[in-house]
Amino acid sequence: MKHFYYRMVGIFASFFFVFSCIFAQAQHPKKEFRGVWVATVNNIDWPSKPGLSSDEQKQEVIRILDKHRQNGMNAIVFQVRPCADAFYPSKLEPWSRYLSGEPGKAPVPYYDPLEFWIEETHKRGMEFHAWCNPYRVSQNASEPLAGNHIAFEHPDWIINYGNKLYYDPGHPEVRKFVTAVISDLVTRYDVDAIHFDDYFYPYRIAGKEFPDDDSFSKYNAENFADRADWRRHNVDAIIQMLSQSIKSAKPWVKFGISPFGVWRNKKSDPRGSDTNAGQTNYDDLYADILKWQEQNWIDYVTPQLYWHMGHPAADFKTLCDWWDEHAYGKEVYIGQGAYRIDAKSKDEAWTKGGEIEKQIEYLRQKKNISGSTYFSSKSFDQQLFGLTENLQGNYYKYRAIVPPMSWIDNEAPAKPRLKQKSGKRIEWKNAKSSDEMNRAERTVVYLNKKGEKLNSEDGRFVFEIVSGNELRFVNQKGKKQVYEIRISSLDRNNNESELSNKKRIRL
């Protein structure tokens, strides 16, 4: 753990003098979710291709995490179950084909990719959200499944639609199985959240109906006359089951959904948004997101608003306003499409810089919106017309705490005790706690120049958010100044303790 801080601290050395030249190009919220999706399906983000050695895979993990931490992110949303498979050893599902190119084959030499991702993410003071897809079995029906796949044991669970394989959402045993998979994941791994994307029932294919006649006739105990209502009931049922399972295993693990950006169009429902989306969550994916928020089945929602401001059918501002008004007391993080930035895009807004930055500024004005998640990780390896530089130098210049969720827990941990060692190193001791919910998980380090009053609610005074129990500073060139240091503890739900005692350091 110590090695990480010695290795990484140089990346953030430029932050030492920020308090002598505070500027106001953008707001700097102290609490804000800043996540990145890391997609594994089709090797979109990681691993870069199947068949890499374990060491090569690990090297890519380190590079990805270092990149996003440098950009100011505080959460990784990693796709751990893209196609009814696993990026970890599981007795329920086979190893993912996207690791080796062969479904069911473990990494060679052996290691646990999920465990490695979690450990490395937490080392950097970031949250790890385990992203799962509930029903998708195969992206191509002609691709062979692993020999131990449960689809061979239960062929009646499988539906072929558009040459892709899906579990049948209408089959009660499917819901039980998927819930068991997630329960196993939560129980065995130290994840901060379970995250589901927008794929419930698959997106409609023109002229082709989803073939679930058999399950509709067999498993319609409630006697729904309308199949759409029955399908929504099926999805409601699994969301409720997942929520109960997650919270019974570990009450602090959050449950989030990232839906398609439009719940319903206003022309179909007065509660809907003033949009003209061709498909919607409610009508086509049979996902009644608002109900899940109202029923307290989920903790956060991350609508995928991948459109630009002024889009004729789905304007970013219109949808941002709508989700802000439909939070129902839950956290709302906006899904932003960094991948859309492209000089060759058909939408002019994405052919130059500034669109994502304008979106950040707009969503920060909204009372019930508290952050963003970006699709996807590899986009930040591309030419983004200054977005990366603007995140590092302005919008995400200062660290931010993931917002706590009061309905999960609102008890803060005890304050830590700060010690100063020789040289430019500080250590701290966290208070012991028998309550796993409230034990200290991360530490917030505050800096202010001597003689300058600390405002711990101002994000510009947050120097670092780290795990472990020490931090080493690096001397700056030029005239040295005296700084005051204080720290606080964050528990699993990001409740913050009182500030510690104060120490001084010359940098």
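D409 touches M437, N438, D491, N493 and N495, leaving aside residues up to four places away in sequence. Contact here means heavy atoms within 4.5 Å. The model is predicted: local features need pLDDT of at least 70, side-chain atom pairs count only at pLDDT 80 or more, and totals for chains, interfaces and linings use all residues. Residues are numbered from 1 along each chain as its sequence is written, and side-chain values use heavy atoms, with hydrogens and water left out.

**Around D409**

D409 sits in the loop between α13 (387-395) and β12. Helices (H or I, at least four residues) and strands (E, at least two) are DSSP runs, numbered from the N terminus. D409 is buried but has no salt bridge. Buried means under 20% relative accessible area, exposed means over 50%, and partly exposed lies in between (1.4 Å probe, protein chains only). A salt bridge needs a side-chain nitrogen of Lys or Arg within 4 Å of a carboxyl oxygen of Asp or Glu. For D409, the nearest side chain of opposite charge is R492, 9.9 Å away. Lys and Arg count as positive, Asp and Glu as negative; His and the chain ends are not counted. A polar atom of the D409 side chain lies 3.5 Å from the backbone nitrogen of E411.

β12 (residues 417-420) and β13 run antiparallel, joined by four bridges. Two strands pair if DSSP finds at least two bridges between them. L418 has W428 of β13 as its bridge partner. The two strands form a hairpin with four residues between them. In its turn, G423 has a positive phi of about 70 degrees. β13 also runs antiparallel to β16 (residues 470-472), with three bridges. There R425 is partnered with R472. Four of the five residues of β13 (residues 425-429) are buried, so this strand is largely enclosed by the rest of the structure.

**The barrel and its helices**

A closed barrel of eight strands runs β1-β2-β3-β7-β8-β9-β10-β11, with parallel pairing. Within it, β3 (residues 127-132) and β7 (residues 193-196) are joined by four bridges. A130 has I194 of β7 as its bridge partner. Helix α8 (residues 227-249) lies across β7 and β8 (254-257). The angle between α8 and β8 is about 155 degrees. Axes are lines fitted to C-alpha atoms, for helices over the stretch in contact, and angles run from 0 to 180 degrees between N-to-C directions.

Helix α4 (residues 113-123) is mostly covered, with eight of its eleven residues buried. Among them are F116, W117 and H122. The cover includes β1 (33-38), α2 (54-70), β2 (75-81), α3 (97-100), β3 and α6 (172-188). At the start of α4, a side-chain oxygen of D112 comes within 3.1 Å of the backbone nitrogen of L114. Just after α4, G125 has a positive phi of about 70 degrees.

**Backbone details in loops**

| Cis bond | Omega |
|---|---|
| W46 and P47 | about -20 degrees |
| V108 and P109 | about -10 degrees |

P47 lies in the loop between β1 and α2. P109 lies in the loop between α3 and α4.

A84, a residue other than glycine, has a positive phi near 50 degrees. A84 is in the loop between β2 and α3. It counts as buried, at 0% relative accessibility. N163, also other than glycine, has a positive phi near 65 degrees. N163 is in the loop between β5 (158-161) and β6 (164-167). At 44% relative accessibility, N163 counts as partly exposed.

Terms used
Polar contact = N/O pair within 3.5 Å; in protein donor to acceptor, adjacent residues only side chain to side chain.
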